[in-house]
Amino acid sequence: MTISLKAGASALALALAAQGAFAQDIQIENADWWQEAGAKFDGVTIRGVTESTPPSNFVTDVIAPKFEELTGIRVEIETTSWDQMYDKAIKDMEAGTGIYDVVYIEQDIVYSYLSRDFLVDMTAALEENSDLQAPGYSEDNFTTFADYFRGENGDLFGVPMEAFIKIYLYRTDLFDDEEIRAAFQEQTGRELEPAKTHEEYAEIAEFFTQYFQEQGEDIWGTTAQAHTGHPASWYEYVESILPTFGVYNWGINADEDYAATVEHGGEMNSDTAKEALTWWLSMRDIAPPESVQSTWTEVATTFAAGRAAQGLVYGENAAWIASDENQSRVVGNVGVALPPVEDGVMEEIEAGNGYIGYYDGGAFGIPVSSNNHEAALLFAQFLALPDLQEEWALAAPRITLTSTYDSERVQQLDEDLGGYFSMMRDDGALFQGAPPYPFHAQVREAVAPIFYSILTGSTGVDEGLDQMAERAEQELTNLGYRTN
Amino acid sequence: MQSNKLGWFLLAPTLVVLFFFGVVPFLYVVWLAFHQWNPFAVDPTIIYNGAENFRRLVFDQAFLSSLGVTLAFTFFAVTTQVILGYVLAQAFMRDFPGKAIFRTIHTLPLIMAPIIVGSIWKLMTTPSIGIIPHYLDQWFGYDLNIGQSAIAAFTITVIMDVWHWTPLVTLTLIAALVSLPPDPFEQAQIDGANRRQIFWHITLPMISPAILATVFIRLMDALRTVDEVLMLTGGGPGSATRYLGVHIFREVFPRTNYGYGSAVSVIVLYLTIVVCWLLFVGLIAPRNKKA
């Protein structure tokens, strides 16, 4: 055996030992029940597919081994890219091949899956098989995020495993710097505080970009998720910008025959939508130059590199930006706030007539085509046991059970994250998941070329949004959702 | 007779695999091209719609734009690869210090997966962290941003493809050059032919089958390029690098427009065959006729 082979084998053994030890550290109440329940499924292997994310990796590295240890049921979860996961899951469920017993369901694709009856009704399945109802598992434990995975009958079709909100991050070291504060006050006549309105946000962004340009430093006033060839830019616009101007659900009106144009009752090309896009593009223009190639990942990287004073960042990145010194230069200098809104919009949102931003996340569901429904039901409940949640939240900043907020260690992390978890608990209701449409990717891809063309300046905002609204209606007509 | 049977017997496993993993999926795509099928439509069933998908293609601006940029990409990438590949092959025919090391380094891109190539070029071209924009700015004051400039993005995708695939052309042409008999070259030198005459009248005609084979291979690859470009630009900015492969990917995977996407795939296959045939007719057939 060569030295390198020995070293590799040792590292692998150490990693496996560490992983095993980690899984063993977690104590599960009612371990006997799990052993007895698992005994009925001797020799069964549960197969799953999920996107490779920190919460999913925790499932494969820690939760699945613990489940195997207790029940004897083998678990094999593929972690792969989002595209691969989506493609594999859909093809399996469409063809009914039964390869997968659990699939990852991102919040915005659950409606597509429900519309095709791809998923097992977990609530009903557990009622029918009360002997499989695990002690410690209860749908009442979940945060309200679980509601996104309920069918029209109110039953649960997926067990939430991750939940994040897209928040407004700002650099506390810059916002608290006396010299900067004085310069800002001198220029604007007001105190430098996190923005509450778009006007304030733009003022701060312009100030910082100009201030650091004069200093010769590479720091800009805002981030922008404005890739000119990737859906990330579309999502930033429809999920994070439009709602803060008071245009919801992508500007598509489901009550008006899925109208997108103003002419038919939609808002995709409304004056407000045009104002929102114009504002966002003006922010993009004073953001770091890499913004036109930035997806959600690069925006987080830009912020973590200390190249932006403020920005809208997906919550799943907030933890490492705020606390991981190996990846972030702004550790300890991150503040969290609600996204800025247009005047009057917050009142509308607080009255329950809108939302301020995106409530992102995912769940594990059981395909109807699975051949191991019952074993998969056990695994799905295992994922939602309170005993696992603290370690899971610390490993990846996700919370899906209300009880997790009470953990002391989670509260400590919350402090390090500038109050991100508290915001999710207290203001989570102001955020909302993607609209309940089964045609997200279809409409997005139909209008995306026009949207990218607006971003490059080849098409004007007004003209482009008019074209997008028409194209969206055309696609919805082709798909059969729009009847006129 | 015996050896004939043995031959078929030995070929059988390959033929079976080819049939199920090559012929059957191909026939399925052709069949789907004549149907409307989007599993997330109100009616998710597969509906026969005759040649409607092909009729739609003719008026689809996104497809036509994609076709235009793909042909331009293919022309620039393949032409550059062949010229550069030939020059490098000739260079490698001579001895120079460090030749072995240089040849190895030059061949390394070939063994890289396209998705990795796309990632590397993305890192190298991203403003603020990329080495290419950094030095272009420092040396020439040129602000390279492939997320903003359509021409820059197109050019970089061509350069990336040239970087990745020129070694293949070089290796093929080295093999062709090595196998050339010395006699015609010696005779030409005795007759007083200069280097240019030798190249045009002896070298080029003798290695043209190898060049043509390489061009065919590269042409087919370039017309269906996906991974590298998807990783580097995502097809942007706008639709500047939305080549046919990327267009098909977007239609079939995220948009789940299986029928229409299949029709585009069939047309791309047809286009590839036509372009290869035109090349064959233009370059090989006249030579055969003369002979």
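This is a predicted model: local features need pLDDT of at least 70, side-chain atom pairs count only at pLDDT 80 or more; totals for chains, interfaces and linings use all residues.
**Entry: chain A, overall**

I started with the size of chain A. Its C-alpha atoms fill a box of roughly 70 × 60 × 50 Å along the principal axes. Then I checked the radius of gyration against the globule rule: for 484 residues a compact globule would come out near 23 Å, and chain A has 24 Å, so the two agree. Buried residues make up 51% of those 484. I also looked at sequence separation in the contacts of chain A. Taking contacts with a separation of 6 or more, 73% are between residues 24 or more positions apart. The secondary structure count for chain A is 20 helices and eight strands.

**Entry: domains of chain A**

Domain 1 comes in two pieces, 10-162 + 360-421, and domain 2 covers 165-358. I get 32 Å between their C-alpha centres. How many residues of each domain are in contact with the other? Domain 1 puts in seven and domain 2 puts in 13. By class, the domain 1 side of that contact has three nonpolar, two polar and two charged residues.

**Entry: nonpolar cores**

The largest nonpolar core has 154 residues, and A:Ala318, A:Phe379, A:Ala380, A:Leu383 and A:Ala472 have the most contacts inside it. Where does this core lie relative to domain 1 and domain 2 of chain A? Both domains give residues to the core, so it lies between them.

Leaving out residues up to four places away in sequence, A:Leu383 touches A:Val59, A:Ile63, A:Val159, A:Met161 and A:Phe364. There is also a second, separate core of 47 residues, which includes B:Phe73, B:Ala240, B:Val246 and B:Val264.

**Entry: A:Glu350**

Is A:Glu350 buried or exposed? I count 12 C-beta neighbours inside 10 Å, and the cut-off for exposed is 12 or fewer, so A:Glu350 counts as exposed. I also checked the distance from A:Glu350 to A:Thr459: they are 109 residues apart along the chain, and their C-alpha atoms are separated by 36 Å.

**Entry: chain B, overall**

On to chain B. Its C-alpha trace spans about 75 × 70 × 35 Å along the principal axes. Of its 291 residues, 33% count as buried. Among its contacts between residues at least 6 apart in sequence, 70% join residues at least 24 apart. I find twelve helices and two strands in chain B.

**Entry: UniProt features on chain B**

UniProt, in an unreviewed entry, places "transmembrane region" at residues 7-34, 62-88, 100-121, 150-178, 198-220 and 263-285. I checked two of these spans against the model. Residues 7-34 are 93% helix and 0% strand, with the end C-alpha atoms 38 Å apart. Residues 100-121 come out at 73% helix and 0% strand, and their end C-alpha atoms lie 26 Å apart.

The unreviewed entry also lists "domain: ABC transmembrane type-1" at residues 67-279 of chain B. That span is 76% helix and 0% strand, and its end C-alpha atoms lie 18 Å apart.

**Entry: B:Val169**

Why does B:Val169 count as buried? It has 26 C-beta neighbours inside 10 Å, and the cut-off for buried is 20 or more. Beyond residues up to four places away in sequence, B:Val169 touches B:Gln81, B:Val82, B:Gly85, B:Thr214 and B:Arg218. I also looked up B:Ile83, which is 86 residues from B:Val169 in sequence and 9.1 Å away, C-alpha to C-alpha.

**Entry: where the chains meet**

Last, I looked at the contact between the chains. Chain B gives 27 residues and chain A gives 29.

Conventions
Residues are numbered from 1 along each chain as its sequence is written. Chains are lettered from A and ligands numbered from 1 in the order in which they are written. Two residues are in contact if their C-beta atoms, placed from the backbone, lie within 7 Å. A nonpolar core is a set of buried Ala, Val, Leu, Ile, Met, Phe, Trp, Tyr and Cys residues joined through C-beta atoms within 7 Å. Domain bounds come from an automatic or database domain assignment. Ala, Val, Leu, Ile, Met, Phe, Trp, Tyr, Cys and Pro count as nonpolar, Asp, Glu, Lys and Arg as charged, and the others, Gly among them, as polar. Helices (H or I, at least four residues) and strands (E, at least two) are DSSP runs, numbered from the N terminus. The radius of gyration is taken over C-alpha atoms; the globule rule is 2.2 Å times the number of residues to the power 0.38. UniProt positions are given in the numbering used here, feature names are shortened, and annotations may be inferred rather than shown by experiment.
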